[in-house]
Amino acid sequence: MRVRAILDMKNQRDKLHQYQKRITVITDRETDIAKECLARGEKSKALLALRRKKFQQTLLAKTDGQLETLEQLTSNVEFALVQKDVMYGLQQGTAVLKQIHSEMGGIEHVEKLMGENEDARAYQREISEMLGGKMSNQDEDEVEDELEALEGQVQGVKHSEPVAYPSAPDTPLQAGAEDAKRKERAKARAREQAQAPSSEPMLA
């Protein structure tokens, strides 16, 4: 049983790495789309592209961490006691990979983020509504920090180094300002979600 579980995990890890390579191409394109949208003054589309990107990256990171934990469990001398947890973990990892593929799609779906036709707008609404209930406030704040950094680049403001998030403010005053900004963002997102029409999940 141990050998089979280890083999399953290796296969699962290989699949994860394949998805990571594919998603890197997609997330790079999402960043480019965000810049293009900002240059055209379409901030909401830019934000959606970055939220989509963050969601995929977060799911992959969680799955990768989970697989590392499972690999440690299989090397435990009491493997028989944890084999059910290992197999359950593998099933969960597979489910996450399928979720990324089915909900996000490939590069052709990314291009819809810039579209103006009815099909593209419907896709943009579906993604926005789906992400609304699946991203943490911290993830949303990091996305908005990235959006602000990209706005600076598009507007020609030079940054000496990439934006770091989350970062520790230098003074209590800065800390209070950052905290207030994040709270205001959270309130704004809550208002938007409350005003958004309810809809069925994109995929079961």
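The tour below goes through a predicted model, stop by stop.

**Stop 1: helix H5**

Select residues 118-132, which form helix H5. H5 has 15 residues, and the span from its first C-alpha to its last is 21 Å, close to the 21 Å expected at 1.5 Å a residue. Now look at the start of H5, where a side-chain oxygen of Asn117 comes within 3.3 Å of the backbone nitrogen of Asp119. Next, colour the buried residues of H5: Ala120, Tyr123, Gln124, Ile127, Met130, Leu131 and Gly132. An α-helix has 3.6 residues a turn, so residues three or four places apart point the same way.

**Stop 2: Gln124**

Select Gln124 in H5. Is Gln124 buried or exposed? Its relative accessible area is 11%, so Gln124 is buried. What does the side chain of Gln124 reach at 2.8 Å? It reaches the backbone oxygen of Lys112. A polar atom of the Gln124 side chain also lies 3.2 Å from the backbone oxygen of Leu113. Beyond its neighbours within four places in sequence, the residues in contact with Gln124 include Lys45, Leu48 and Met114.

**Stop 3: Lys112 and Tyr123**

Lys112 lies over the face of the Tyr123 ring, 5.4 Å from the ring centre.

**Stop 4: Lys45 and its network**

Select Arg40, Glu42, Lys45 and Glu116, which are linked in a network of salt bridges. In the bridge between Lys45 and Glu42, the closest N and O atoms are 3.9 Å apart. Lys45 counts as buried, at 11% relative accessibility.

**Stop 5: Lys53 and Glu146**

Select Lys53, in helix H2 (residues 43-74). Lys53 lies in H2 and Glu146 in helix H6 (residues 137-154), so the pair ties together parts that are 93 residues apart in sequence. Lys53 is buried at 10% relative accessibility, and Glu146 is buried at 14%. Leaving aside neighbours within four places in sequence, Lys53 is also in contact with Thr27, Glu30 and Thr31.

**Stop 6: Glu36 and Arg29**

Finish with Glu36 and Arg29. They form a salt bridge, with the closest N and O atoms 3.0 Å apart. Glu36 is partly exposed, at 31% relative accessibility. How many salt bridges does a search of the whole structure find? It finds 11.

Key: Residues numbered from 1 in each chain as written. Predicted model: local features only at pLDDT ≥ 70, side-chain atom pairs only at ≥ 80, totals over all residues. Heavy atoms only, no water. Lys NZ or Arg CZ within 6 Å of the ring centre and 35° of its normal. Helix = DSSP H or I, 4+ residues; strand = E, 2+ residues; numbered from the N terminus. Buried < 20%, exposed > 50% of the residue type's maximum accessible area, 1.4 Å probe, protein only. Polar contact = N/O pair within 3.5 Å; in protein donor to acceptor, adjacent residues only side chain to side chain. Contact = heavy atoms within 4.5 Å. Expected span 1.5 Å × (residues − 1). Salt bridge = Lys/Arg side-chain N within 4 Å of Asp/Glu carboxyl O.
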